[in-house]
Amino acid sequence: MTIGAHRRILTARQVVVVGSAPDADLVVRDGPATWARIRYGTAWTVAVTPPDATLWIDGKQVEPVGSQQRLLAWFESAEPAVVEIRTDGARLQFVVQLVAQDAVTSPSPACASPSSTVPAMGPSHLSTAGAEARAGETRLIDGGLVTIGRAGGGAEVELPDVDLAAEHAAVRRRGDRVVVRDLNHGTGTFVDGQPVLRATLEPGRVFVVGHYEFRVEPNGALCWRMLPIPAPLFVSGLTVAIRRANRRGGFVVIRDITFALRGGGLLAVIGPSGAGKSTLCTALLGEATITDGQAELAGHRLPSANGLNPNLVSFVPQDSEAFGELTVGETLAYAARLRLPSDLPAAERRGQITAVLERLQLTTTAMVRISDLSGGQRRRVAIALELLTRPLLLMLDEPTSGLDEGMDRQLMTDLAAVADEGCVVVVVTHATTHLDLCTAVLALSTPPVRAGEERSPAHAGFFGTPSQLLPSFAAGSVADVMDALRIGEIGASQDTPVLHASTSSKSGSNSAGTGNPRAIPWARAFAVNVKRETLRMTRRRGSLVGLTIVGPAVAAGIAAAVNVNGFSAAPDGPNPDLGVSLSIITIFLAFLAMALSLTSLVGDLKVVQREQRWGVRPFSVVFARAVSRGVPALIQAAVASGTFVAFRGTPGHALPIVPAALGVFIVLAALTLASMAFGLLIGALVTSVEQAVGMMSAFLGVMVILSGLVIRLGNAAGSATALSLAAYVVPTRWAVAGLSAFVDAPGISALPPDALWTHDTAHFLLPVFVLVGLAAGALVAAVGILPRTIRATR
């Protein structure tokens with residue numbers, strides 16, 4: 001950089017302030033205290049500071065960009081460029097030119113840092129100001145262990161990134177290779193886009209922790225750099241297919257999409273309905289099949305190869321939901337516990353949450369329940385959840401759908417500000433009123449459908465700035481542009497950049513990752529989910545009391561009312577109403593227990609899908625709900641058994657191995673736990689609450705018929721044998737058997753004999769163990785089925 005007769009070499013590790021203030025890095029005599037800031041992001045960038053200034057490059061005026069009308073210039077050519085900044089009363093002129101890396105004393109190209117500190121991105125970039133980034137440094141690894149972690153945590157390599165744990169990962173040299181191991185405290189260690197517990201890397205291989213990229217060098221060195229902010233996004237020749245129901249193969253939705261955002265910004269993706277706008281986002285997430293072309297973010301392939309972790313690529317779907325029982329603050333707090341390192345100090349975690357609330361104008365709603373928010377406020381909460389982890393890329397599907405024009409403008413303004421501060425934002429939208437707030441527009445065009453033919457894939461009809469959109473189609477309004485896109489027209493030729501694959505996006509063949517890859521440790525996700533689900537249930541006091549206390553008490557009361565002898569023989573002979581009591585209690589409790597958990601998965605499917613993208617595994621989701629519903633299920637059994645015994649006394653012929661009332665409770669507790677687990681299984685199988693209710697109703701009918709009280713099962717012969725075998729997976733069958741064996745139903749009633757009702761300890765304990773086994777089996781099945789159900793809803 002040359003100003004007058006003075007020449008100065010700038011390195012990629014510097015942020016240089018030019019101004020007349022004495023504390024500026026480059027002090028000039030006249031003009032504003034700060035003329036410009038010069039830094040390296042995806043390229044060398046000059047950002048003009050005075051709001052009334054104009055910027056000229058080689059005699060051509062530069063137009064402001066973004067909603068904040070910032071004056072920015074990027075330099076990637078080796079040719080010298082004359083930069084001139086003008087204000088009303090002063091002018092500054094200087095020359096910039098890129099020089100060879102070996103011309104200055106700086107890190108090797110493999111370790112060159114794009115930035116020396118994390119830029120202040122409002123709510124997302126916290127706890128880094130003034131910290132020493134140490135990016136672009138090199139560390140020789142001998143035979144010892146080198147730990148990587150958050151600044152101030154005591155690791156050998158400390159980096160100012162709140163997404164890192166105090167000790168996040170460990171590296172050890174093995175010959176000419178390096179073994180990297182995730183320490184399971186932070187947000188994961190990623191190799192080739194996959195979270196690993198342990199991986200062996202050859203020289204030239206790359207792994208990512210937080211916002212930092214580490215490269216293994218041939219001499220046993222480990223060098224690192226911060227991922228560039230804003231991150232360049234390149235998409236070249238992208239062709240995407242999706243699966244179709246009842247059809248073989250995939251259907252190509254979009255073809256040959258190419259665009260580039262070199263300096264970040266806000267990109268609006270527009271086009272007719274069904275053009276594949278949302279499919280573009282799901283493809284970058286890895287949820288649709290890319291059949292050709294490629295995409296890169298910060299030099300890493302999306303969504304596979306060296307793809308980035310879920311903390312760096314975020315997505316807000318159109319129908320994003322949150323738990324209505326929680327407040328905005330609680331929603332963000334639980335998300336922070338899931339997504340940020342477990343050892344992050346509570347004060348820093350609260351600081352992240354507070355800043356996000358401020359950034360999206362949600363501070364006044366922090367104590368308001370999600371269910372009481374407006375549609376626009378809920379959209380902001382969904383965006384806030386993704387900004388907690390400082391994503392490099394934020395994609396949103398129809399974020400302004402259903403909002404009035406004022407709310408639309410406000411939300412787009414906020415998204416533009418997020419983009420201006422360093423995050424690449426891609427917005428799929430039908431609302432085109434405020435496209436002027438965007439940095440660029442990508443319009444998808446759909447060829448007309450001919451009779452008897454399938455619709456052809458959509459393609460790029462336009463890519464450029466918002467001001468170029470109408471002239472490109474010679475249109476008078478955006479509505480005219482949409483009409484043109486609907487019949488497959490393409491706008492006037494634009495300069496569409498071509499993607500040049502970076503070396504870091506080439507995945508090696510010997511990563512040798514081992515262990516169970518995961519982004520969020522299952523134990524932490526399980527604990528957070530249990531606490532959150534318990535809080536949600538306590539907030540629904542009315543339904544909780546009805547299901548756990550009132551319902552079981554009513555069932556037991558009815559059973560006691562119709563059977564004056566309880567679980568004992570009648571004074572003058574067999575108990576004629578024992579079967580009725582057993583049927584009422586077992587069927588009613590099975591229904592109430594399933595109702596506890598039936599909608600806890602299918603009703604939360606969108607939230608579960610979002611958190612699956614974060615790295616929360618199905619095991620944590622299902623078993624956390626089982627635990628949080630398991631306690632109410634046990635209360636149901638206690639209330640029912642206690643109420644019945646209170647009205648009709650303890651069984652007179654009960655087995656003496658446990659107190660009589662306790663024996664009844666044990667069987668009913670096993671029944672409610674098994675039924676609760678079956679409710680979760682049903683919820684994992686279906687995609688709507690209506691389907692869940694229908695399936696539960698059918699299963700309840702089966703439980704009535706195969707309980708052993710309606711038709712004979714235990715001593716069945718002929719065709720009834722098949723029913724006897726089928727009844728082995730029905731909870732009420734085993735609950736009736738356990739109670740009958742415990743109270744000696746064959747001896748105190750006139751019920752038909754059943755082999756499972758034998759009055760001994762073995763036939764009492766067997767149903768209890770089987771019910772527990774059925775509960776475990778249902779939960780394991782739900783864990784395996786839930787991911788398939790989520791995929792079916794995409």
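**Burial, packing and cores**

Modeller: Start with A440, which counts as buried because its relative accessibility is 5%; buried means under 20% relative accessible area, with exposed over 50% and partly exposed in between (1.4 Å probe, protein chains only). Bear in mind that this is a predicted model, where local features need pLDDT of at least 70, side-chain atom pairs count only at pLDDT 80 or more, and totals for chains, interfaces and linings use all residues. Residues are numbered from 1 along each chain as its sequence is written, and side-chain values use heavy atoms, with hydrogens and water left out.

Colleague: What does A440 touch, not counting residues up to four places away in sequence?

Modeller: Contact means heavy atoms within 4.5 Å. For A440, the list is L261, L266, L267, A268, F463, G464, T465 and P466. A440 and G264 sit 9.9 Å apart, C-alpha to C-alpha, despite 176 residues of sequence separation.

Colleague: And how many residues are in the largest nonpolar core?

Modeller: A nonpolar core is a set of buried Ala, Val, Leu, Ile, Met, Phe, Trp, Tyr and Cys residues joined through side-chain atoms within 4.5 Å. The largest one here has 132 residues, and I383, V425, L668 and L786 have the most contacts inside it. Helix α14 (residues 660-685) supplies the largest share of this core, 15 residues; helices (H or I, at least four residues) are DSSP runs, numbered from the N terminus. Another core, of 62 residues, lies apart from it and includes V180, V208, L238 and A283.

Colleague: Which residues does L786 contact, leaving aside neighbours within four places in sequence?

Modeller: Those are L601, L605, V608, P618, V621, V622 and A684.

How values were computed: Helix = DSSP H or I, 4+ residues; strand = E, 2+ residues; numbered from the N terminus.
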